[in-house]
Number of protein chains: 2
Amino acid sequence: MLIESKIGILGGGQLCRMLCMAGASWNLNIKVMDSKECPASSVCNELVVGNITEYQDVLDFGRTVDVLTLEIENVNIEALEQLEKEGVKIFPKAHTLRIIQDKGLQKQFYKNNSIPSSEFKLFSTKLELEEFLSTQKTFVPFVQKSRIGGYDGRGVELIKSPDDFFKILDCPSLIEDLVEIDKELSVIIAKNPSEQISYYPAALMKFDQQTNLVNTVITPSQINNETEQKAQELAINIVNQLDFVGILSVEMFLTKTGQLLVNEIAPRTHNSGHHTIEGAVTSQFEQQLRAILDLPLGDTSFLKPAGMLNIVGKVGDQNKINIKDLQELLKIPNIHLHLYGKKESRPGRKMGHITVLGESIEEIEALFKKLNNELSKTSSK
Amino acid sequence: MLIESKIGILGGGQLCRMLCMAGASWNLNIKVMDSKECPASSVCNELVVGNITEYQDVLDFGRTVDVLTLEIENVNIEALEQLEKEGVKIFPKAHTLRIIQDKGLQKQFYKNNSIPSSEFKLFSTKLELEEFLSTQKTFVPFVQKSRIGGYDGRGVELIKSPDDFFKILDCPSLIEDLVEIDKELSVIIAKNPSEQISYYPAALMKFDQQTNLVNTVITPSQINNETEQKAQELAINIVNQLDFVGILSVEMFLTKTGQLLVNEIAPRTHNSGHHTIEGAVTSQFEQQLRAILDLPLGDTSFLKPAGMLNIVGKVGDQNKINIKDLQELLKIPNIHLHLYGKKESRPGRKMGHITVLGESIEEIEALFKKLNNELSKTSSK
């Protein structure tokens, strides 16, 4: 049986890989544009080698599919606008990507729509920011974010004191008040063209302080019902105000004073939703497919408390797991291993993840400890 | 991260397809031998076009992998024996396949090892069987099974009375007493080279009376604890007596008098285990990978009661699902759709399946009804 739509995905990293695997269950016809040995290359129906930031590459690729989606927001939007004119269904829509791609426009969007987010200022260059700081010495500490292209902890600098000014990025950027964070949360929400909306319960993210990468994710997020409801309302508000169709990840701060602030959004699946593959009735990847194909959205409830631990490249990593190490790892019950097939390991690079289900948060956290212990042995060889 | 073993799979149908998908989660390097457009072709790392019953094809293929397994028992065993001599790890082992491949030897094995199974007689030809029947007129009703090559209801004839004698197959066959069946059960069991054994709870299979194909499967199987334990002991007994390594499906009859009889075994994953993908902690496909790679076997417990409904080709089937039909189907909550990517639909051909999880057997059976209703609409177009 064949579902007739031909689906295109821009970007072939691990998010696309897992999207293709969800699509394979339905025997969807999926083609991907990225480089030759990208993680999705071995699981998609067709790989088109091309550059997703190049107008002509995206245009040519988009013309061969019925529905176009993405796994990363840094794509050529002009090409998407042209393809929309030509009748290709593109979710998320080009005009919403314009806002999301530029963190300055994102912040402006929150402000215009009364969506709580930390205070910010925009700067075109490093010089402009330095001039501002020379007159506003009391402004530190703050966070500087590159307006365009930041990803996985890159393009973000924490400036704690004037001693950190040397770290300031020289690019169009925004600076934000540093808020006192109690928890970092994520709500993944989907909307289909028929305007059905569905969201997952909030996930609790813990970050590696050095790399600024997501380290672990747990659902439920251990916030009270009122905060959970506010987080969901925020996410709904954003998809509606943005006219968003597809799957959207909303990262939020819960401040020490109990306030919810939107940190940033991503117009795609997210690292904070990988545990939906085994933990939830519908995975975030199947949900993206349902959303872009205008199918009824799936049940987002969790079967059990679930957690996710990233496997990150380390210095000296051989990028190989021998069977002995794997034997030790897989002795730990109730874990689900995912490796992304990246050809090269680099320190800080996301190489895979492990999902664990448990009866309680405590059980999951105990499993994380065991896993960290095993993984440190594995990758030190 | 790469797990270094190169895995070969003989046969590229839906069982292989789902095995490859389980392997993709671990980024395993999997190559498959079958025809060009087989269901596994779009999800394996490499497809080698060849005939799994041909000595040279299997030999050449096996020499390029570290571990060889299969999705169908009708393979060239002489080639496997040669490859074993050359040091290729083959699970299941060739000498166990010799017994399983021939239903006559299978029956003899049960008899020799005091494994309960229905009474049987062996015949070399149709003529020999007819001569026997002419002297034993009271022997009807019985079941005739081809000794070699039967699959998915083929190679099996139910002879209710002398009027059915025209249906008798002309091949080496066995005939079995027709037993009065209360339930048909399946236990899927795995054993790794380190002799760890793990089995799933028994599944209840219901068959289509016309096609003799599995129609639905449910776990738990609604048998009492004593019968459940006996079924498990039978399965353990078989893997141990057979010196079996890999994953083995044991189909059993529970007779109206409460006796458990082994019907037949398959040295691979089985249609009665498809609901382990979403229903159990470890899927039967991941379990096969764990077994053949000598990894610790995974947890076989079910998260919830789970059921599976086959999607079978019908007369006039277009082999296409349009989005409208899919929208109706996917409105049903808690279902998981699997389509196998077969290029052609034929009446009685397994085209896909749907897994449903529920809080109770009743809920699952109600979902089966809804699904049958939707599917009959879909495929009648």
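**A covered helix and its setting**

Modeller: In α9(B), the buried residues are B:Gln284, B:Phe285, B:Glu286, B:Gln287, B:Gln288, B:Leu289, B:Arg290, B:Ala291 and B:Ile292. Here buried means under 20% relative accessible area, exposed over 50% and partly exposed in between, with a 1.4 Å probe and protein chains only. Helices (H or I, at least four residues) and strands (E, at least two) are DSSP runs, numbered from the N terminus. After α9(B) comes B:Asp294, which has a positive phi near 55°.

The model is predicted: local features need pLDDT of at least 70 and side-chain atom pairs count only at pLDDT 80 or more, while totals for chains, interfaces and linings use all residues. Residues are numbered from 1 along each chain as its sequence is written, chains are lettered from A and ligands numbered from 1 in the order in which they are written, and side-chain values use heavy atoms, with hydrogens and water left out.

From B:Ile292 one may turn to B:Val179: the two residues are 113 apart in sequence and 35 Å apart in space, C-alpha to C-alpha. B:Val179 lies in the loop between β10 (173–177) and β11 (181–191) of chain B. With a relative accessible area of 21%, B:Val179 is partly exposed. Contact means heavy atoms within 4.5 Å; apart from neighbours within four places in sequence, B:Val179 has contacts with B:Ser118, B:Phe253, B:Thr255 and B:Leu261.

In chain A, A:Glu374 belongs to helix α11 (residues 361–379). A:Glu374 counts as buried because its relative accessibility is 12%. Not counting residues up to four places away in sequence, A:Glu374 touches A:Glu328, A:Leu329 and A:Ile332.

Strands of a sheet pair through backbone hydrogen bonds, either parallel or antiparallel; two strands pair if DSSP finds at least two bridges between them. Strand β13 of chain A (residues 203–207) is mostly covered, with 4 of its 5 residues buried. β13(A) pairs in the antiparallel sense with β11(A) (residues 181–191) over 3 bridges, where A:Glu184 has A:Met205 as its bridge partner. β13(A) also pairs in the antiparallel sense with β14(A) (residues 214–219), over 4 bridges; here A:Lys206 is bridged to A:Thr216. β13(A) and β14(A) form a hairpin with 6 residues between them, and A:Asn212 in the turn has a positive phi of about 60°.

Parallel pairing is found in an open sheet of 5 strands in chain A, in the order β4-β3-β2-β5-β6. The edge strands β4 (46–49) and β6 (89–90) of chain A each have a single partner strand, so one side of each has no neighbour in the sheet. Strands β2 (residues 6–10) and β3 (residues 29–34) of chain A pair in the parallel sense over 5 bridges, with A:Ile9 opposite A:Val32 in β3(A).

Taken as a whole, chain A has 11 helices and 20 strands. Its C-alpha trace spans about 65 × 55 × 45 Å along the principal axes. Buried residues account for 59% of its 381 residues. Among contacts in chain A between residues at least 6 apart in sequence, 61% join residues at least 24 apart.
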